Amino acid sequence: MAAKRRGAAALPAGKKRGKREVPAELCAALRDTALRERAAAAWGRGEPLHHEAAAVEPAPFRHGVIPGFLAGPAFAEALRDELLGLGFRGRRNDLLSLRQSEELGGRPEPHVAALRHALCEELRAWLSAVTQIELEPTIDISCAKYEYTDVLLCHDDELEGRRIAFILYLVPPWEKSDGGTLDLYSADEHFQPQQIVKSLVPSWNTLVFFEVSPVSFHQVSEVLSEEKCRLSVSGWFHGPSIVRPARHMEAPLPRSPHIPYDHEILYEWINPVYLDMDSQAQIQEEFEERSESLLKDFLKKEKYQLLCEALESKDIQWSSRGPANKRLYETAEEDSLPDILKKFLQFLRSEALFLLLSNFTGLKLHFLAPSDEDEDAGEGRAADAAGHSSPKPEQEETEHHADSNPHQPDQPDNIPEAQDSETQNGSRTPVCAGELRRWTHGHYTLVHDTQATEFALDLLFFCGCDDWDPEYGGFTSYIAKGEDEELLTVNPEDNCLALVYRDKETMKFVKYINHRSLARLKKHPNRTGFWDFSFIYYE
């Protein structure tokens, strides 16, 4: 038997029940031997069992529902009142937004203590018999309150020793339109979530349980009611650990060297203030101190307006990008984009921008950018975007050095032959990867186990964010690996270029866009969200 976990609850052997303790009588279904045997048979064979007192379902993963779980309505109401009297702390991170109590393992409140005892004894024995899993006589148990816009996004609950998860709902009359459903996902051959195939609406005094497994992907959908509180007691029963398959490693976005465009492309797109060498030097100084920079009004106003108009095109093909345990947003099919958007993507992949980003950040994203050795030798002067260490953009263009991007066949004519940057300063070729994303209600990204952690420069350029409130979500948050505390937040802002340098210990996510974001439709009837061009540059 595994060691007892911190916060785990169990009734100590030989303990006498105190005078204030009250018994928690569970429903008669748990004492019905014939029903228990039928449930065990259905569970073992992977077949459904539909009974008014208890139901078992095999798909999308094995789970069960016990309505009227607590036999006495007065007990359930008293339990609810005790729980609402506890101290709750708000929890906010990439995965969730809710208020949670401390562990209930040691709480002295009589109805809480009685429930804990009934779960550890009677329910545990019933679940062990039905699932044929030898469950330990201890549980992890806590209470959660979900209110307007609170959510718990897609995850599988897997943690060493967890075998059965349970949720007891103590909610007011609840409709599907109130949100807060327990959504169950199907899974693919890689044990990744595919789509929601079942939604369980919370119901007063109903217990839901399911087997924790590599495919037990589920979420608590966003609470949409502004008046109701989704109160629940939840936790896990533990048992012998089982062998888990290796985590699936998905293919990353393709990386490519820059496209050989000269400095003229910068003067076509960028606000001239950012092409001034003194401005670039100041930006670099600030960036080297803070590892981030926010460049407002980055594009020429007329170019920015053309981008926004093109993004509204009905001809753009958007596809949903998942899986849901890592992300959910829409990405544009580049072949379907209007010409102006294709040209902007070429700009973001251009040699001239690689060099300009080197000047902004001090990173070695171009062979002409000063290296650390140059800095030490007193040669740390920035190169201009035409490839020279002179601030005069009219001077002759330097040779180009990288292969063209295979994703962008439409290249300007008469491009000089590229040089291999492996020959420059003995360094590897700088590359980038990126996409055009559309963000609306319900979209997010999550920090996950297989998220790549390496040194990189993130570039975000936002469109269509007027009147966007940070309360809506949609901001990009940077955190230290294993921590919830934010290091930096980048909020969507029109015509704004955000640059963030992250190291191997820095993770990022885009916060879930909640129901409040729909209030923006009052001012912008055709604007349900915003767009960003998200690129990553590697030295």
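Predicted model: local features only at pLDDT ≥ 70, side-chain atom pairs only at ≥ 80, totals over all residues.
Trainee: What should I keep in mind before starting?

Mentor: Local features need pLDDT of at least 70 and side-chain atom pairs count only at pLDDT 80 or more, while totals for chains, interfaces and linings use all residues. Residues are numbered from 1 along each chain as its sequence is written, and side-chain values use heavy atoms, leaving out hydrogens and water.

Trainee: Which residues touch the most other members of the largest nonpolar core?

Mentor: In soluble globular proteins, nonpolar side chains tend to be buried together. A nonpolar core is a set of buried Ala, Val, Leu, Ile, Met, Phe, Trp, Tyr and Cys residues joined through side-chain atoms within 4.5 Å; buried means under 20% relative accessible area, exposed over 50%, partly exposed in between (1.4 Å probe, protein chains only). Here the largest core has 48 residues, and Phe-298, Leu-341, Phe-347, Leu-348, Phe-461 and Tyr-537 touch the most other members.

Trainee: Which residues of helix H6 are buried?

Mentor: An α-helix has 3.6 residues a turn, so residues three or four places apart point the same way. In H6 (residues 301-311; helices are DSSP runs of H or I, at least four residues), Lys-303, Tyr-304, Leu-307, Cys-308, Ala-310 and Leu-311 are buried. They fall within an arc of 165° seen down the axis (using directions from the axis to the C-beta atoms), so they line one face. Lys-301 and Glu-309, on the other side, are exposed.

Trainee: How many salt bridges are there?

Mentor: Side chains of opposite charge can pair when their charged atoms come close. Counting a side-chain nitrogen of Lys or Arg within 4 Å of a carboxyl oxygen of Asp or Glu, there are 27. One joins Lys-508 and Asp-458 (3.2 Å, N to O).

Notes: Helix = DSSP H or I, 4+ residues; strand = E, 2+ residues; numbered from the N terminus.
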